[in-house]
Amino acid sequence: MDNILILGNGVAGLTAGDTLRRLGYTGAITIVGDEKHATYSRPALSKAALAPGPEMELNFLPEATHGGTELLGRSATTVDPEARRVTLDDGTVLDYEGLVIATGTHARRFTDSEREYTLRSLDDATALRERLSSAPKVAIIGGGPLGMEVASGAIGLGCEVTLIHPGTPMEPHIGPQLAGILTEVALENGLDIVDDFVAAVAETPGGMCVRLSSGQEITADVVVSAAGDIPNDSWLADSGLLIDGRLIADERCRVRPEIVAAGDVVWQQGARGLRRTPIWTAAIEQAKTAAAALLQGDEAAPLSYHSYFWTDQWGMNLKVSGPIPDGSEEPLVVKGSLAERSAVLHWPGQGCAASLNMRMPIPRLHKLAASVPAEV
Ligand SMILES: Cc1cc2nc3c(=O)[nH]c(=O)nc-3n(C[C@H](O)[C@H](O)[C@H](O)COP(=O)(O)OP(=O)(O)OC[C@H]3O[C@@H](n4cnc5c(N)ncnc54)[C@H](O)[C@@H]3O)c2cc1C
C-alpha cells in the first residue's frame with residue numbers, strides 16, 4: 001500500500017496518521033478536514049475554554065508527526081469504493097489505496113435559531129463563550145457530561161442557568177452514586193435542574209422558550225442544546241458502505257479490507273450490542289487499531305482498551321475506569337471520604353473504579369478497576 005487517505009482531522013484522524021508511520025508505512029498520507037484549525041482537544045471546549053477569565057483557553061494537540069499533506073477547510077462529499085476515489089466539496093478528486101474514515105459527529109439541534117447554541121467545534125466554543133460572557137439567562141437541554149460541564153462554565157461566567165434533563169443528570173454516564181454527588185454540588189452552585197422531557201423549542205421576541213412534556217414553559221435568552229450527537233456519515237449515503245444507515249466496522253475497525261473507520265462516527269459490535277463509543281480514549285485506540293488493520297490485515301490485533309472517562313465540573317475532577325456502575329453495589333471507599341467529596345472508589349463486582357477530586361495515575365485506576373478487594 002502506497003497511498004492512504006484520511007478523512008477527518010480530529011484526534012482519530014491524527015492518531016491514525018501517526019500510527020501508520022510508527023508501524024513503518026512510508027507511502028503517501030493525505031488528510032482532509034473540514035475545519036480550518038489544526039487538531040485541538042475537543043474535551044477542553046466544555047472545560048478550560050469556558051473557565052472564567054478574560055481569555056478563552058485554547059488547547060491544540062501536539063503537531064502531527066506523519067508528515068502527510070493536509071487539506072483543511074475542505075470536506076469529502078462522496079466516495080466510490082469500487083474506483084477507490086473520494087470527491088471533495090471543491091471538486092478535487094483523490095484516489096486512494098487505503099482509506100481511513102474519521103469524520104466524527106455533529107450536535108443535535110432543535111431549531112435553526114441563532115439563539116440556540118451547540119458545542120462541538122472550536123468555532124462553536126468561541127461563539128458560546130462570547131455570548132455567555134454577557135451573562136444571559138441560559139436554558140441547557142441535556143444533563144449528560146456536556147450539559148453539566150457547560151452549566152458549570154456558564155454559572156462560573158455569571159449566568160443564571162436552568163438545566164433540563166429527565167432524571168438525575170449524568171446517571172446513565174457515571175452511575176447513580178457519582179451522579180448523585182455531582183448533582184448535589186451543582187445545586188449548591190446555583191444550578192436550577194428541571195426533571196422533564198423537552199417537547200418543543202421556539203424563538204420568542206427577544207429570547208427562547210422551551211416547552212416541556214408537562215406543559216411547563218421555560219424562557220431564557222439563549223438555549224444550549226447538549227442532547228446528543230449525530231454521526232457525520234450523510235456523505236456516505238450513496239456509497240454502499242452504510243448498513244441500515246450506519247457505518248459499521250469489525251473488531252479491527254475494518255469496513256472493508258482497504259477501508260477502516262475510527263472515532264465517534266463508527267459503530268462496532270460489543271458486549272452491549274452494536275454501539276458507537278463517542279469518547280476520546282476510544283477514538284485514539286480505534287484509530288491505532290484501524291491503522292494497523294490497514295497495513296497488516298488479519299495479523300493486526302483486534303481492538304482492546306480500558307474503558308475510561310473523565311469530567312471536570314464545579315471545581316471537581318472525576319475519572320472513571322471500567323463499565324458504568326449500575327447502583328446495585330455500594331462502592332468501597334479505598335481512600336479519602338465521600339462526605340468530603342474526595343475519594344478513590346471501587347466497585348469490585350462491576351470492574352469499575354473512580355477517583356473523585358483525588359490525584360491518581362490512570363494506569364493505577366485501571367489496575368484498581370480490574371482487581372479483587374484482597375489485591376487492593
Ligand atoms: C465539548 C465536548 C467535550 C467532550 N468531553 C469529553 C470528555 O471529557 N471525555 C471524553 O472521553 N470525551 C469527550 N468528548 C468526546 C471526544 O471529544 C470525542 O470522542 C473525540 O473528539 C472524537 O474524535 P474523532 O476524531 O472521532 O471526531 P472529531 O474530533 O469530531 O473529528 C472529526 C473531524 O472530521 C471533520 N469532518 C466531518 N465531516 C467531514 C467530511 N465529510 N470531510 C472531512 N472532514 C470532515 C469534522 O469537522 C472534525 O473536524 C467531548 C466532546 C465534545 C464535543
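A residue is near a molecule if one of its heavy atoms lies within 4 Å of it, and 31 residues surround the ligand, the closest being Asp34, Glu35, Arg42, Lys47 and Asp264. This is a predicted model, in which local features need pLDDT of at least 70 and side-chain atom pairs count only at pLDDT 80 or more, while totals for chains, interfaces and linings use all residues. Residues are numbered from 1 along each chain as its sequence is written, and side-chain values use heavy atoms, with hydrogens and water left out.

**Ligand shell**

- The shell divides into 14 nonpolar, 10 polar and 7 charged residues, where Gly counts as polar and Pro and Tyr, among others, as nonpolar.
- Domain 1 (3-106 + 229-299) and domain 2 (109-225) each contribute at least three residues to the shell, with bounds taken from an automatic or database domain assignment.
- At least two shell residues come from each of helix H1 (11-22), strand E2 (28-33) and helix H5 (280-296); helices (H or I, at least four residues) and strands (E, at least two) are DSSP runs, numbered from the N terminus.

- Strand E4 (residues 76-80) pairs with E5 in the antiparallel sense over 4 bridges, pairing requiring at least two DSSP bridges, and Thr78 stands opposite Thr87 in E5.
- E5 also pairs in the antiparallel sense with strand E6 (residues 93-95), over 3 bridges, and there the bridge partner of Thr87 is Val93.
- In the hairpin of E4 and E5, which has 4 residues between the strands, Arg84 in the turn has a positive phi of about 55°.
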